[in-house]
Amino acid sequence: MFDITVNGVKHHVDVIPEMPLLWVLRDELGITSPKYGCGIALCGACTVQVDVEAVRSCQARMADVAGKAVTTIEGVGNGKLHPVQEAWIKHQVAQCGYCQTGQIIQAISLLKTHPKPTDEDINEVMSGNLCRCGTYERIRVAIHAAAEKIGGK
């Protein structure tokens, strides 16, 4: 039995220690926004925040995240759109949408560590989040816009 807080709600889950966080979220808790993409932490579709760090939930074992705070796309913004989400909409980043929750979570983590990221910072940090639709330029523009808005507060 493990305790885990997801989007501010504490849960008790009875799973094996090796179970990936992705399956705990999707199968045990019914939170389906983190997507299964590759299963080997290369695509970023399953990205969530554990405490404040972006983590590939397909490779994060339950034993390693027990007792920590997990945030999925549903938990960002406190009931409102986060500035990154607003920028995503304004700059029409999403196409198919499959990768977007992981992209947004990764971008939010990036802005916590790099409040005024350069294109190089964005390219480096976001490089592990793949977008089959190829919206990388719009992602970069949206991250810069969100950084400006967050910095302006």
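Residues 24 or more positions apart account for 58% of the protein's contacts with a separation of 6 or more, a contact being heavy atoms within 4.5 Å. The model is predicted: local features need pLDDT of at least 70, side-chain atom pairs count only at pLDDT 80 or more, and totals for chains, interfaces and linings use all residues. Numbering starts from 1 along each chain as its sequence is written, and side-chain values use heavy atoms, without hydrogens and water.

**Fold**
- The protein has six helices and five strands; these are DSSP runs numbered from the N terminus (helices H or I, at least four residues; strands E, at least two).
- From the N terminus, the order is β-β-α-β-β-α-β-α-α-α-α.
- The C-alpha trace spans about 45 × 30 × 25 Å along its principal axes.

**Burial and charge**
- Of the 153 residues, 44% are buried (under 20% relative accessible area; exposed is over 50%, partly exposed in between; 1.4 Å probe, protein chains only).
- There are 15 positive and 16 negative side chains, and the centres of the two sets lie 6 Å apart.
- Lys and Arg count as positive, Asp and Glu as negative; His and the chain ends are not counted. Each charge is placed at NZ of Lys, CZ of Arg, CG of Asp or CD of Glu.

**Aromatic pair**
- The count comes to one aromatic pair (ring centres of Phe, Tyr or the six-membered ring of Trp within 6.5 Å; planes under 30 degrees apart are stacked, over 60 edge-to-face, the rest tilted).
- Trp23 and Tyr36 are stacked, 5.5 Å centre to centre with 25 degrees between the planes.
- Trp23 lies in helix H1 (residues 21-28) and Tyr36 in the loop between H1 and strand S3 (47-50), so the pair ties together parts 13 residues apart in sequence.
- Trp23 is partly exposed at 29% relative accessibility; Tyr36 is partly exposed at 39%.
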